[in-house]
Amino acid sequence: MFFGTVISSKGVRIRSTLGFVEVVVGCSIVEPKLSSSDVSCNSGAEQKQRIHLHLKKFFSGQRFSSQYFLNCISSKHKEGDIVYVSGKVKKVLSSGHYDLKEYTIDKLEEEEQQSTLLDRKPYPIYPSKAGLEARLLGQSISRALKMLTPDIDPIPPEVLTEFNLANLFDAYMGIHKPKNRDEADFARRRLIFDDFFYLQLGRLFQMLEAVGTRVEKEELLYKCENHELNAVGVDQWSPLANKLLKALPYSLTASQLNAVKEIIWDLRRPVPMNRLLQGDVGCGKTIVAFLACMEVVNSGFQAAFMVPTEILAVQHYEHLTSLLEKLDGDECKPNIALLTGSTSTRESRIIRNGLKTGEISMVIGTHTLIADKTDFSALRISVIDEQQRFGVIQRGRFNNKPSYCNSLQLYTSSSKLSDENTSADVASDSETFMAPHVLAMSATPIPRTLALALYGDMSLTQITDLPPGRQPIETLALEGNDAGFETVFQMMRDELMDGGKVYLVYPIIEESEHLPQLHAAKADFDSIKQKFEGYPCGLLHGRMKGNEKDEALGSFRSGETRILLATQVIEIGVDVPDASMMIVMNAERFGMSQLHQLRGRVGRGGKKSRCVFLSSTSSTLPRLKVLENSSDGFHLANADLVMRGPGDLLGKKQSGHLPEFPIARLEIDGSILQEAHLAALKVLGTSNDLSLFPRLKVELSMRQPLCLLGD
Ligand SMILES: Nc1ncnc2c1ncn2[C@@H]1O[C@H](COP(=O)(O)OP(=O)(O)OP(=O)(O)O)[C@@H](O)[C@H]1O
């Protein structure tokens, strides 16, 4: 946004049917003088610079390109008029001269406005859009402000005091007629707070509505506020979970252990858990979820584990069954089933029947698990792996599979628990329907602020460490020209000779006429086979049948093949601990978080691993270089959030569920979001159904019709 003076305004007729009006605005801009040693700090000194903005508008058709018409339009702006201009720079015409596109130009008419400008006081800028002129909008707002009364604020005064907020009347005044910058900032903070507060309040309100009694509601709120305090020690876990823990070939890391303790605490509440388990790639989330499932299964309930791909379902099934084989004593081994789109009709029928009768304790599968025909006798936990791959509605469908349970049964394994909340809960032994606990897992780390905005009603558990012995993955970003490929192939040869296994990742399966620059997995298969004779190659992509995929991955896992040409089907969850090198072709085609995920397929065992990102051109290399220096998924996600905003970070599917905020920006206003979350908890803690705050309830329902909240 610029303030300036009109220098010239003229209409130019190019030919009989085309003309344009050009307004040139001269502006003085003040820039901080940057110290040469550090671009992020400035010395406080300022320098003035004179620039010219060229605003051109073209007109076509005989009538609109007559000189008379063009003169009429150009005469709207007179030399010396003080105006403000906003728009995007289309091109730099010469030094200090900029051609703007999609611009708006508005004249400052009132003296008051001009003196504000000269005093350099903050001044509200209204957009002129869709025929509604900024001036008209400004005048309407001024009139509306005169009608405001100071008691318009629905938020209770004690919340305003606790969170240091302007009241709504002052906020409106401060944003439209600020006396100084501080007042404008304070007002803006309040309006951002409102953006977030009503979202959090709505989510939490709806969550509370879904549970029955007051005790349960209070329990839920308590959990939201104090989630880090709640844990069940290993000695109080069920026998089955303890046996599985002992059968593991490794010890859990500190944060894996804390995560299980926290989840088991939740599982013993009479309220459905709704928890998001986050951790960086390869941090070991799967075993945490398996232990949670065993806890539930031990009490005679069922567990469902839903994953986005068949490959992952098979992998998890094989992993869990092999762990269970090692358990002492046969009598307690649970019956586990695998159900995917590739399961034969006959077998599916048998499994579904087993789930209905309760013969099967746990099922691992793809979205087939939420098909209408899958019924459970006593589903108590649904784990949703890589939850960002499922739509919110799909996730919600598990909640529609409530099971009939006796609340006493919940505590068969927790008889040692003696805190007062629990004894109060156990006192009620009535049979009730309860929606299953939901444990969602995400390997695309989402910054906490974003998680709150997306899942304000979920508790959050983060695994912050990696299993010991992991070596950092050496990452290299290279241009995929002849020299680049030669370097990479030599590295690959060295790796194979050293006994390693290599993933080659492609953006597409088959060559495309439209995208000739892209390498394709199938097209490269023969040439790679020839180049690396003696090292068997496999191929894995999304168009292969379920059993072919299993075979390809199985051969790579067993070492029968040493090179696997794959598409991004391997991006999520694939676990081949001794895979030691990855090369990603046309890496710029993938998002940063996606590349981080892909890279996480190597370095999952003790062997030193390497990852090479090949870019199609040198211009796309700098973005990939960021990955050379960071292996921290949370850091990369935060960088992505700041650089590209939440939409790009989350991808289309998930960001579709992200609410729009008129004023707030998630990437910079995260701390206000956290406060808004706490404030919403406080308000609902005082009055679960908002009956003590009727104005707040009205405001909430106007902003977010309650039937539309959440999913
Ligand atoms: N505490 C541990 N010590 C050693 N190895 C572990 C530990 N926990 C898990 N692992 C192993 O680490 C590997 C990665 O675990 P897992 O597949 O659960 O990761 P993840 O968190 O699901 O990651 P991703 O999102 O990449 O799938 C597996 O081979 C698993 O057996």
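Which residue stands opposite L504 in strand 18? The residue opposite L504 is L565. This is a predicted model, in which local features need pLDDT of at least 70 and side-chain atom pairs count only at pLDDT 80 or more, while totals for chains, interfaces and linings use all residues. Residues are numbered from 1 along each chain as its sequence is written. Helices (H or I, at least four residues) and strands (E, at least two) are DSSP runs, numbered from the N terminus.

- Six strands form an open sheet in the order 15-20-19-16-18-17, with parallel pairing; two strands pair if DSSP finds at least two bridges between them.
- At the edges are strand 15 (474–479) and strand 17 (537–540), each of which pairs on one side only.
- On average, neighbouring strands of this sheet are turned by 15° against each other, direction ignored; axes are lines fitted to C-alpha atoms, for helices over the stretch in contact, and angles run from 0 to 180 degrees between N-to-C directions.
- Strand 15 pairs with strand 20 (residues 610–615) in the parallel sense over six bridges, and E474 stands opposite R610 in strand 20.
- Strand 18 (residues 563–566) is joined to strand 16 by four bridges, the two running parallel.
- Strand 17 is likewise parallel to strand 18, with four bridges between them, and C537 stands opposite I563.
- From strand 18, I563 and L565 point one way, L564 and A566 point the other way, and all are buried; a residue is buried if 20 or more other C-beta atoms lie within 10 Å of its own, exposed if 12 or fewer, and partly exposed in between, with C-beta atoms placed from the backbone.
- Helix 20 (residues 621–629) lies across strand 15 and strand 20 and runs at about 170° to strand 15.

- Strand 10 (residues 379–384) and strand 13 (residues 437–442) run parallel and are joined by four bridges; S382 stands opposite V438 in strand 13.

**Helix 8**

- The buried residues in helix 8 (residues 239–247) are L240, A241, K243 and L244.
- Seen down the axis of helix 8, these residues fall within an arc of 160°, so they line one face of the helix; the arc is that of the directions from the helix axis to the C-beta atoms.
- On the face turned away from the buried side are the exposed residues P239 and K246.
- The cover over the buried residues of helix 8 includes helix 10 and helix 11 (310–325).

**Nonpolar cores**

- In the largest nonpolar core, of 105 residues, A292, C293, L439 and I583 touch the most other members; such a core is a set of buried Ala, Val, Leu, Ile, Met, Phe, Trp, Tyr and Cys residues joined through C-beta atoms within 7 Å.
- Helix 10 gives the most to this core, with ten residues.
- Domain 2 (231–463) and domain 3 (474–630) each supply at least three residues to this core; the domain bounds come from an automatic or database domain assignment.
- Apart from this core lies another, of 31 residues, among them L168, Y198, A680 and L696.
- Beyond its neighbours within four places in sequence, C293 is in contact with A303, F305, M362, I381 and V383; contact requires C-beta atoms, placed from the backbone, to lie within 7 Å.

**Two single residues**

- F20 belongs to strand 2 (residues 18–34) and is partly exposed, with 18 other C-beta atoms within 10 Å.
- F20 and Q67 are 47 residues apart in sequence and 9.6 Å apart in space, C-alpha to C-alpha.
- E510 is in the loop between strand 16 (501–505) and helix 17 (521–531) and is exposed, with 11 other C-beta atoms within 10 Å.
- Leaving aside neighbours within four places in sequence, E510 is in contact with A520, K522 and A523.

Note on methods: Two residues are in contact if their C-beta atoms, placed from the backbone, lie within 7 Å.
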